[in-house]
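Please read the following report alongside the sequence and the model. It goes through charge pairing, the sheet, the helices and the core in turn.

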Amino acid sequence: MTCHALLHGPDEASLARIVAAGGGTYVGLQPRLGRAEPLVLFDAPSGTTLSVPLSCCSVEAVRGRIAESRGGV
């Protein structure tokens, strides 16, 4: 799935698969609320809720945010 496809009609099942492959648990999609784009929300294995911008949602981005939350990056 391309970023373009995600920006023009996210399929939540696809987002959940991306997040799961990155080690997280998909929570939902947060609307823009004054930001440039929506956020993909997910829980890390620690239970912390994290996010990545929709356009950057990838297995690598999810893994990176989880690593950051552990103090690894």
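## A salt bridge in a helix

The count of salt bridges comes to 1, where a salt bridge is a side-chain nitrogen of Lys or Arg within 4 Å of a carboxyl oxygen of Asp or Glu. E68 forms this salt bridge with R65, and their closest N and O atoms are 2.8 Å apart. The two residues, E68 and R65, are 3 residues apart in helix α3, so about one helical turn separates them. E68 counts as partly exposed at 38% relative accessibility, and R65 is partly exposed as well, with a relative accessible area of 25%; buried here means under 20% relative accessible area, exposed over 50%, and partly exposed in between (1.4 Å probe, protein chains only).

The model is a predicted one, in which local features need pLDDT of at least 70 and side-chain atom pairs count only at pLDDT 80 or more, whereas totals for chains, interfaces and linings use all residues. Residues are numbered from 1 along each chain as its sequence is written, and side-chain values use heavy atoms, with hydrogens and water left out.

## The sheet

Helices (H or I, at least four residues) and strands (E, at least two) are DSSP runs, numbered from the N terminus. An open sheet is formed by 3 strands in the order β1-β2-β3, with antiparallel pairing, two strands being paired if DSSP finds at least two bridges between them. β1 (25-30) and β3 stand at the edges with a single partner strand each, so one side of each is left without a neighbour in the sheet. From one strand to the next, the twist averages 30°.

β1 and β2 pair over 5 bridges in the antiparallel sense, and Q30 stands opposite L39 in β2. β2 is also joined to β3 by 5 bridges, with F42 opposite L50 in β3. These two strands, β2 and β3, form a hairpin with 5 residues between them, and G47 in the turn has a positive phi of about 100°.

## Helix α3

Helix α3 (residues 59-69) has A61, V62 and I66 among its residues, and these three are buried. Seen down the axis of α3, the buried residues fall within an arc of 135°, so they line one face of the helix; the arc is that of the directions from the helix axis to the C-beta atoms. What covers them includes α2 (12-21), β2 (39-43) and β3 (49-53). Just after α3, G71 takes a positive phi of about 85°.

## The nonpolar core and V40

A nonpolar core is a set of buried Ala, Val, Leu, Ile, Met, Phe, Trp, Tyr and Cys residues joined through side-chain atoms within 4.5 Å. The largest such core has 14 residues, of which L15, V19, V40, F42, V52, C57 and I66 touch the most other members. At least two residues of this core are supplied by each of α2, β2, β3 and α3.

V40 is found in strand β2 and counts as buried, at 0% relative accessibility. Leaving aside neighbours within four places in sequence, V40 is in contact (heavy atoms within 4.5 Å) with residues including L15, V19, Y26, L50 and C57. V40 and S51 are 11 residues apart in sequence and 5.3 Å apart in space, C-alpha to C-alpha.

Methods: Axes fitted to C-alpha atoms, helices over the stretch in contact; angles between N-to-C directions.
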